[in-house]
Amino acid sequence: MKRLYKNTQEKMLCGVCKGLSEYFDIDVSIVRLLFVILALASGVGLILYIAAAIILPDKFE
């Protein structure tokens, strides 16, 4: 069963983008680029990132 986590071991800031990339099985650069585009376009990306950083649990391996 797939679960959505923050990956704090391979993170740049909080590990949200790495966790999303593992969950959706896509490259982490694509996820980071989408967050930057959303943040610059309307500020929604920044709000979503902060909310995900607070809400998502850490990944324990």
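Hi everyone, and thanks for coming. What we have here is a predicted model, so local features need a pLDDT of at least 70 and side-chain atom pairs count only at pLDDT 80 or more, while totals for chains, interfaces and linings use all residues. Residues are numbered from 1 along each chain as its sequence is written, and side-chain values use heavy atoms, with hydrogens and water left out.

Let's start with Asn7. Is Asn7 buried or exposed? Asn7 is buried, with a relative accessible area of 2%. You'll find Asn7 in the segment before helix α1; helices here are DSSP runs of H or I of at least four residues, strands are E runs of at least two, and both are numbered from the N terminus. The side chain of Asn7 makes a polar contact of 2.6 Å with the side chain of Glu22. By polar contact I mean a pair of N or O atoms within 3.5 Å; within protein, one must be able to donate a hydrogen and the other to accept it, and residues adjacent in sequence count only if both atoms are side-chain atoms. A polar atom of the Asn7 side chain also lies 3.1 Å from the backbone nitrogen of Gln9. Not counting residues up to four places away in sequence, Asn7 touches Gly15, Lys18, Gly19, Glu22 and Lys59, where contact means heavy atoms within 4.5 Å.

What does the side chain of Lys6 reach at 2.9 Å? That would be the backbone oxygen of Ala53. A polar contact of 3.4 Å also joins the side chains of Lys6 and Asp58. Leaving aside neighbours within four places in sequence, Lys6 has contacts that include Cys14, Val16, Ala52, Leu56 and Pro57.

Now to α1 itself. Its buried residues are Val16, Cys17, Lys18, Gly19, Leu20 and Ser21, and these pack against α2 and α3. Tyr23 and Leu4 are 19 residues apart in sequence and 6.0 Å apart in space, C-alpha to C-alpha. Setting aside neighbours within four places in sequence, Tyr23 is in contact with Lys2, Arg3 and Leu4.

After α1 comes Asp25, in the loop between α1 and α2. Asp25 is exposed, at 68% relative accessible area. Its phi is near 55°, a positive value in a residue other than glycine. Most residues other than glycine have a negative phi.

For those of you thinking about cysteines, how many disulfides does the structure hold? The count is 0, with a disulfide being a pair of cysteine sulfur atoms within 2.5 Å. Cys14 is in no disulfide, and the nearest cysteine sulfur, that of Cys17, is 9.5 Å away. Cys14 is partly exposed, with a relative accessible area of 32%, whereas Cys17 is buried, at 8%.

Cys17 brings us to the largest pocket. This pocket is lined by 15 residues, and Leu13, Cys17, Arg32, Phe35 and Tyr49 lie nearest its centre. On a 1 Å grid over the protein atoms alone, a pocket is an open set of points with protein on both sides within 12 Å along at least five of seven lines, a cavity is a set where a 1.4 Å probe fits but cannot get out, and lining residues have an atom within 4 Å of a point. The volume is about 220 Å³, meaning the space filled by probe spheres set on the points, which are joined across faces, edges and corners.

Which helix gives the most to the lining? It is α2, with 4 residues. Helices α1 (16-24), α2 (28-41) and α3 (44-55) each supply at least two residues. The lining divides into 9 nonpolar, 2 polar and 4 charged residues; Ala, Val, Leu, Ile, Met, Phe, Trp, Tyr, Cys and Pro count as nonpolar, Asp, Glu, Lys and Arg as charged, and the others, Gly among them, as polar.

Definitions and conventions
Buried < 20%, exposed > 50% of the residue type's maximum accessible area, 1.4 Å probe, protein only.
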